[in-house]
Amino acid sequence: MLKLLFCLHRLPRLSRGEFQRYWLETHGPLVRRHAAALRIRRYVQSHAGDGALDAALQANRGALPGYDGVAELWWDSAEELAAATASPQGRAASLALLEDERRFIDLGRSTLFVATEREIV
C-alpha cells in the first residue's frame, strides 16, 4: 500500500471550526465522489483539537504549533497512483480537488508526502 499524508493549515480568514466543518462536510464528499477516478482505496481525515493538551505537548518538546488536521490517502501501489493521475478522468478529479482545497487550505503553509508505514505496536 502507498500512503500519502497531507498536513493541513487553514486559511487565515477561517476559524478552526469553520475549516474543519468545510473539510468534513464539503471536501470530504468531493473526495468520495472522485475516489474511483483517482483509484483511492482509503481516505481519512484527522481533525486537530483546540485543547490545552496539544499546547502542553508542543511546549514539552519545543515543537511548533500543530496543524489543523491531517488527511491520509491510500493507494494499492505507486503504479496505481501514477495511472490514476495519468488518465483524463484522474487529471480532472485532481484539478477539482485542488480548486476546492484553495477555498480552505493554506497550501503555502501545508505539506504533503508519501510514507511507508512500519507498524511497531
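**Ile40 and the nonpolar core**

Tutor: In this predicted model, leaving aside residues up to four places away in sequence, Ile40 touches Val31, Ala35, Leu73, Trp74 and Trp75. Ile40 also belongs to the largest nonpolar core, a set of 21 residues in which Phe19, Ile40 and Trp75 are those with the most contacts inside the core. At least two residues of this core are supplied by each of strand S1 (2-8), helix H1 (16-38), strand S3 (69-75) and helix H4 (88-101), and the largest share, six residues, comes from H1. In soluble globular proteins, nonpolar side chains tend to be buried together.

Among the contacts with a separation of 6 or more, 83% are accounted for by residues 24 or more positions apart. The C-alpha atoms, taken along the principal axes, fill a box of roughly 45 × 40 × 20 Å, and 36% of the 121 residues count as buried.

As for the surface, the accessible area of the protein chain comes to about 7700 Å², with 55% of it belonging to carbon and sulfur atoms.

Key: Residues are numbered from 1 along each chain as its sequence is written. This is a predicted model: local features need pLDDT of at least 70, side-chain atom pairs count only at pLDDT 80 or more; totals for chains, interfaces and linings use all residues. Side-chain values use heavy atoms; hydrogens and water are left out. Buried means under 20% relative accessible area, exposed over 50%, partly exposed in between (1.4 Å probe, protein chains only). Contact means heavy atoms within 4.5 Å. Accessible areas come from the Shrake-Rupley method with a 1.4 Å probe; for residues, only the protein chains shown count as cover. A nonpolar core is a set of buried Ala, Val, Leu, Ile, Met, Phe, Trp, Tyr and Cys residues joined through side-chain atoms within 4.5 Å. Helices (H or I, at least four residues) and strands (E, at least two) are DSSP runs, numbered from the N terminus.
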